[in-house]
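Welcome, and thanks for taking a look at this one. Here is a short briefing to read alongside the sequence and the 3D view.

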Amino acid sequence: MLGSNRLRRATYMTALKVGMRRPSPNPIPTSGPNALLNNCYLIRLTERATGKRFILKGVVPQGAAGIWFNGNNAEGFDCIILKDQLKHFDFEGTHYYCGYRLESIWPSRFVFNWLFNYAALFAWRDRRAQKRFNKLTLARMERMEVLDLFRSETVKDHNFQISEFGLLEMLYSRRSFKHPDQESTRSYYRLILESLADSSDLQGQQHNQYKLKPKGLSTLATYESEERRHRDNITQQRRMIAVTVIVIAVGIIQAAASYYGARQTIPVVDQPQNGAADGAAVN
């Protein structure tokens, strides 16, 4: 048991030291060109008993040195967590790498990722997957299909609202943000959302979000009724065509039967041979 605790503490301290190899700047760029240059670590510790948080800023012989926060909006102050107390804290290590954010909740996993350069491997695999995705065509939904999506999601969550970016992510995943047709597709859905808002089927919210209005349900009901009527008309026309074809086929079969039946009933008269007729005349 004692050996296990020592191993756990040693792994914990190793993870903290790895995190200080590339300490994160303040603030950490998470978007734009600067985010693509990231290669840094941020380690947070959370006390299980109180939920209070600690951000690592250094490693000292006594343990972990950093900033302690008593609450979400509380001002932090310098603090040292002793090695023997680390077992009472949950670990959260984040590696910001070339626009990616890789998180580990276990010190051992954090050390493993560092040893085997997992971030570079993850980025390479993701770029390959993105390259394959970029070859796909982003099939666009029609206006009523988008409205039907709002209805389906609102049934699940009465407060459902979404922006054009959220709609892209919902339909095509976050990879669509790097797709070559991302701008044109996003503009298309922005026009769709604005059109539905102008017809009072959707209601604009803050931060370019849109929410379903009651009128949208009646619009969908009317559209679906017209679609059913249209499908019924097509089905009826197809049935009439089928009946017509059957009647024509039956008529052709009857005419053919009458024709061949008439030919079989025509009498055939045997003609006398010329030699026999001449002999009769001589006698």
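Where is the place of asparagine 117? Asparagine 117 sits in the loop between α2 and α3. Please keep in mind that this is a predicted model. The points below begin with the sheet and its helices, move on to backbone details, and finish with the charged side chains.

**The sheet**

- An open sheet is built from 6 strands in the order β4-β3-β2-β1-β5-β6, with antiparallel pairing.
- At its edges are β4 (77–82) and β6 (100–104), each of which pairs on one side only.
- On average, neighbouring strands of this sheet are turned by 35° against each other, direction ignored.
- Within the sheet, strand β2 (residues 53–60) and strand β3 (residues 63–69) run antiparallel and are joined by 7 bridges.

**A nonpolar patch**

- Phe112, Leu115 and Phe116 make a nonpolar surface patch of about 340 Å².
- Of these residues, phenylalanine 112 belongs to helix α2 (residues 107–115).

**Backbone details to check**

- As background, most residues other than glycine have a negative phi, and most peptide bonds are trans.
- Asparagine 117, in the loop between α2 and α3, has a phi near 50°, a positive value in a residue other than glycine. With a relative accessible area of 45%, asparagine 117 is partly exposed.
- Serine 200 is not a glycine either, yet its phi is positive at about 65°. You will find serine 200 in the loop between α6 and β8 (202–204), and at 29% relative accessibility it counts as partly exposed.
- Which peptide bond is cis, with omega near 0°? The bond from asparagine 26 to proline 27 is cis. Proline 27 lies in the loop between α1 (2–19) and β1.

**Salt bridges across the chain**

- How many salt bridges does the structure hold? There are 15 salt bridges in the structure.
- In general, side chains of opposite charge can pair when their charged atoms come close.
- Arginine 9 and aspartate 84 meet through their side chains in a salt bridge of 2.4 Å, N to O. This pair links distant parts of the chain, 75 residues apart: arginine 9 is in helix α1, and aspartate 84 is in the loop between β4 and β5.
- Arginine 9 counts as partly exposed at 32% relative accessibility, and aspartate 84 counts as partly exposed at 45%.
- Arginine 44 forms a salt bridge with glutamate 92, and the closest N and O atoms are 3.6 Å apart. Here too distant parts of the chain are linked, with arginine 44 in strand β1 and glutamate 92 in strand β5, 48 residues apart.
- Why does arginine 44 count as buried? Its relative accessibility is 17%, and buried means under 20%.

**Helix α6 and its charges**

- Glutamate 183 and arginine 186 form a salt bridge whose closest N and O atoms are 2.8 Å apart.
- Both glutamate 183 and arginine 186 lie in helix α6, 3 residues apart, about one turn of the helix.
- Glutamate 183 counts as partly exposed at 46% relative accessibility, whereas arginine 186 counts as buried at 14%.
- Salt bridges that share partners bring Glu164, Glu183, Arg186 and Arg190 together in one network.
- Glutamate 194 is also found in helix α6 (residues 182–198), and at 34% relative accessibility it counts as partly exposed.
- The C-alpha atoms of glutamate 194 and tyrosine 210 are separated by 9.0 Å, while the two residues are 16 residues apart along the chain.

Conventions
Residues are numbered from 1 along each chain as its sequence is written. This is a predicted model: local features need pLDDT of at least 70, side-chain atom pairs count only at pLDDT 80 or more; totals for chains, interfaces and linings use all residues. Side-chain values use heavy atoms; hydrogens and water are left out. Patches are made of residues with over 30% relative accessible area and no salt bridge: like charges are joined within 9 Å, nonpolar side chains (Val, Leu, Ile, Met, Phe, Trp, Tyr) within 5 Å. Accessible areas come from the Shrake-Rupley method with a 1.4 Å probe; for residues, only the protein chains shown count as cover. A salt bridge is a side-chain nitrogen of Lys or Arg within 4 Å of a carboxyl oxygen of Asp or Glu. Helices (H or I, at least four residues) and strands (E, at least two) are DSSP runs, numbered from the N terminus. Two strands pair if DSSP finds at least two bridges between them. Axes are lines fitted to C-alpha atoms, for helices over the stretch in contact, and angles run from 0 to 180 degrees between N-to-C directions. Buried means under 20% relative accessible area, exposed over 50%, partly exposed in between (1.4 Å probe, protein chains only).
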